[in-house]
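Q: Walk me through how to read a structure like this one, feature by feature.

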Amino acid sequence: MDWFDLNVISGSLPEFWRGLWVTLQLTIISLAIGFALAIPLSIARVSSNPWVSRPVSAYTYFFRGTPMLVQLLLIYYGIGQSEWVQQQWETGNSFWLLFRDAYFCALLAFTLNTCAYQLEMFAGAIRNIPLGEVEAAEAMGMTRYTSLCRIVLPSALRRAIPPLSNEVILMLQGSAIASAVTLVDLTGAARNVYSRHYAPFEAFIFAGLLYLAVTFVLVGLFRFAESHWLAHLQPRSASAKKD
Amino acid sequence: MDALIEYSPSLLAGAWITLQVALLSLILAVASGLLGAACKLSRIAPLRWWTALYTTVVRGVPDLVMMLLFFYGGQVILNAISDHLEWEMIELNAFAAGVLTIGFIFGAYFTETFRGAFQAVPAGQMEAGRAYGMNGWQVFWRILFPQMLRYALPGIGNNWLVLLKSTAIVSMIGLADMTWLADQAGRSTHQPFTFYMAVCVLYLAMTAVSNHVLQRLQRRYNVGVREAKV
């Protein structure tokens, strides 16, 4: 038998591209919405008021302590099949109809998951802000809100870039479980190609190489972002040293 | 609630499978991690290149894709072998495929953890051991290894917590772990939410126990280290 038949891959290329596109959509959209939600929530997380910080920490405790696959199944099968929600479907309540859609459920699960991880990173970065920066803002007469927007957040977000790059890559890899709820992402496409041709090596190695390629692009982008926004934290090189 | 009580023995049996997968993969991953770290720090260049390739590929490919490749690809290889030797067909077991994949993947993460920890032990410590007349093995076992473990412990803890959660994907190759059993129970009782929630609670409980154990280990290996209090 042939161990690696390139014709299997070339014959299913359009399928792989469509799957890759779904993977990229799921990853980018959930990361972006998760990021937008994580910023205000991270401020709530570091609040000294327990009524504000406790609910956020309960949320991150749940979403960081359980597997994303179970979260996805909980949202897609768990919520969608509860009797109350099915009653809402019958009355034609369009909001709850969304939970019938695997794509929506995957986006929701991924967003909630990545938001929990991102907000803890940002909260950590906010807690570790050098005291002098905050004092300087106060000395300049900034209000708490102004110093938050101009000093604390820009400084914290820059320092959160390295862990954020890790989270982006983990999210790309994590999105592979979308095929558990009938979505045909890159992994789903590979599974279809495998079952049609009974060709596990071609299907999964090619999908793996595509994931690897996207990962390399992301790593490169983050290197660039770090050299751009974290330049002031880099050790000075010998050639730049002047007396 | 009645349904949950009725199915709890099955769910707990699934939790035991999850724990077995996690613990066996941990052993495999720690062993490959130590071997990987030794290769990465070795003076033989090809060994370093192969380990670099290993850690890069593992971090760039989703665990699910790797698991499907091991499970379905492994079956094809087994079939070819049994054909060739004219044996009966051997079926690749999902448990073994799951443990091998997760152990292989986390071996790469442990490689990085141990490499960093070995490098963090000051060279003077080993020189002092030599000066006392210890041989290479004694220096490794009495001086390098215990101190390395102290530096590696936070990383080991993190890797373990991530590993534990990643075991859920073995349900996708049909292994009856707690996620898979919750799926079955949810289908037959029409209460999937209850059962997935129960799985979440079980995972949270395992995480809480692990955190407790890790803290105790940390205290044990940090004996004699003074920490600055701010």
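A: Let's begin with contacts, where two residues touch if their C-beta atoms, placed from the backbone, lie within 7 Å. In chain A, 75% of the contacts with a separation of 6 or more join residues 24 or more positions apart. This is a predicted model, so local features need pLDDT of at least 70 and side-chain atom pairs count only at pLDDT 80 or more, while totals for chains, interfaces and linings use all residues. Residues are numbered from 1 along each chain as its sequence is written, with chains lettered from A and ligands numbered from 1 in the order in which they are written.

Q: What does the secondary structure of chain A come to?
A: Helices (H or I, at least four residues) and strands (E, at least two) are DSSP runs, numbered from the N terminus. Chain A has twelve helices and zero strands, so its pattern along the sequence reads α-α-α-α-α-α-α-α-α-α-α-α.

Q: What percentage of the residues in chain A is buried?
A: Count the other C-beta atoms (placed from the backbone) within 10 Å of a residue's own: 20 or more is buried, 12 or fewer is exposed, and in between is partly exposed. Buried residues make up 38% of the 243 in chain A. Just after helix 5 of chain A, A:Gly92 takes a positive phi of about 80°.

Q: Now helix packing: at what angle do helix 2 and helix 3 of chain A pack?
A: Under 35 degrees is roughly parallel, over 145 roughly antiparallel, 65 to 115 roughly perpendicular, and the rest oblique. Helix 2 (residues 13-45) and helix 3 (residues 50-65) of chain A pack at about 120°, their axes 7 Å apart, which means helix 2 of chain A is oblique to helix 3 of chain A. A:Leu41, A:Ala44 and A:Arg45 in helix 2 of chain A meet A:Val52, A:Ser53, A:Val56 and A:Ser57 in helix 3 of chain A.

Q: How do helix 1 and helix 2 of chain B cross helix 4 of chain B?
A: A crossing is left-handed if the near helix is turned anticlockwise from the far one by less than a right angle, right-handed if clockwise. Helix 2 and helix 4 (residues 94-120) of chain B pack at about 120° with axes 9 Å apart, which means helix 2 of chain B is oblique to helix 4 of chain B. Their crossing is left-handed. The axes of helix 1 (residues 2-40) and helix 4 of chain B come within 5 Å and cross at roughly 40°, again oblique, but this crossing is right-handed.

Q: Which residues does B:Asp183 touch?
A: B:Asp183 sits in helix 7 of chain B and is buried, with 21 other C-beta atoms within 10 Å. Leaving aside its neighbours within four places in sequence, B:Asp183 is in contact with A:Leu73 and B:Ser171.

Q: How many residues of chain B are in contact with chain A?
A: 30 residues of chain B are in contact with 29 of chain A. Helix 8 of chain B gives the largest share of the chain B side, nine residues. Sort that side by class (nonpolar: Ala, Val, Leu, Ile, Met, Phe, Trp, Tyr, Cys and Pro; charged: Asp, Glu, Lys and Arg; polar: the others, Gly among them), and it has 20 nonpolar, seven polar and three charged residues.

Terms used
Axes are lines fitted to C-alpha atoms, for helices over the stretch in contact, and angles run from 0 to 180 degrees between N-to-C directions.
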